[in-house]
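I want to go through the strands and then the chain contacts.

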Amino acid sequence: MSQKVLAALTAAFPDAVVRTGSAHDDETAWIKREELLAVATWLRDDPAMAFDAPVFCTCIDWIDWRPVGRPVSEHWSETKPRFTVCYQLRSVAHKHRIRLEVELPEHDPRLPSLADVWPAFNWQERETFDMYGIRFDGHPDLRRIYLYEEFVGYPLRKDYPKEKRQPLVRRDDLPVNPLKAPHARHESDNK
Amino acid sequence: MGLELSTTRLEDAAKWAKQSKLARVPEWGRKFSLFTYPFVTACCGMEFMSVAAPKYDIARFGAEFPRFSPRQSDLLMIVGTITEKQGPALKRVYDQMAEPKWVIAFGVCASTGGFYQNYHAMPGADQVIPVDVYIPGCPPRPEQVLDALMMLMDRIQDGRGHSQLRLKRDQMIASAQSDDGQ
């Protein structure tokens, strides 16, 4: 459907595009994070592209490649990307769309912010930071958007304990089971 | 219906007068004049509106008048999911209400967290404030709400609400302390 966008993008930035893919009429381009800002600006400003409608920004946690608690093995290494940040773009004028994906390693989850290119990504990137801990360089206001400042960790990461709660207030007359205490620390807190 | 209702209340008053519990006359008045503060956060609000609307008509029990200031209300209805981020706000609303006050947890989310067992949902509003009556259901039927309201009215009449018991306890402690002082 938008194959011509992929072709034009690959022709314009042969070094920035790691690979491309297409599934169910959704064209995807994997971009090097150093080139993301240039690619995004070109997609917005080029009259043949004219991506004027940012749809969403989110992240995928590929921790399944490294089972929780297992040591580093040949299936997983420090260099293997754990996170994929997705930007879905749409052009109302040309009726085409494309998805940009940026792969990020676990120890350095940061990439340039697109909030200045499309202001609608401002809050979306804040949400991605809130839930996954992705750092967006150059973001004008990178704070938590849904959760409270006291929250420790990033709840949509796959290694966040499923039922771990971080209460702000509790009645002081409730019995506390030390095994289920909400403040009990978990190994993943140290990350 | 108006005639039925007045008869019911007269009978109710006669019953309590017959038991000569005159000290509980204020409780008898309170249970028929509950001023609701609807703390509506989620989809249970639709059922709350249904209960308040003429078909089920919570006004039959004297609890028809939602006040949107906690200072003017004595029944806190927690209608919907409470998140951990909302905990301080809920506690503050409860603290601002005038004594004596009662709390109904409306639906499973307000009672236990419901199917939200995760990082953001509070496992029941009673983690933050004392709850008098829990209503199960997702969302509960209006009949369940009316049943819960009648249970709460009985509890108010008996003086067994959380805030009533706390007031009694505080009075006993205060009188014991004043006896010690003398």
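Before I read any pairing, my terms: strands (E, at least two residues) are DSSP runs, numbered from the N terminus, and two strands pair if DSSP finds at least two bridges between them.

Ground rules next. This is a predicted model, where local features need pLDDT of at least 70, side-chain atom pairs count only at pLDDT 80 or more, and totals for chains, interfaces and linings use all residues. Residues are numbered from 1 along each chain as its sequence is written, while chains are lettered from A and ligands numbered from 1 in the order in which they are written.

Sheet. I looked up the strand order in chain A and got an open sheet of five, E1-E2-E5-E4-E3, with mixed pairing. Its edges are E1 (17-23) and E3 (53-61), each pairing on one side only. Ignoring direction, neighbouring strands are turned by 20° against each other on average (axes are lines fitted to C-alpha atoms).

Pairs, one by one. I find E1(A) antiparallel to E2(A) over six bridges, with Gly21(A) opposite Thr28(A). E2 (residues 26-31) and E5 (residues 96-105) of chain A run parallel, joined by three bridges; there Trp30(A) faces Glu101(A). E4 (residues 81-91) of chain A pairs with E5(A) in the antiparallel sense over ten bridges, and Pro81(A) sits opposite Pro105(A).

Turn. E4(A) and E5(A) make a hairpin with four residues between them, and I noted a positive phi of about 55° at Lys95(A) in the turn.

Chains. I count a contact when C-beta atoms, placed from the backbone, lie within 7 Å. By that rule, 14 residues of chain A touch ten residues of chain B.

Note on methods. Two residues are in contact if their C-beta atoms, placed from the backbone, lie within 7 Å. Axes are lines fitted to C-alpha atoms, for helices over the stretch in contact, and angles run from 0 to 180 degrees between N-to-C directions.
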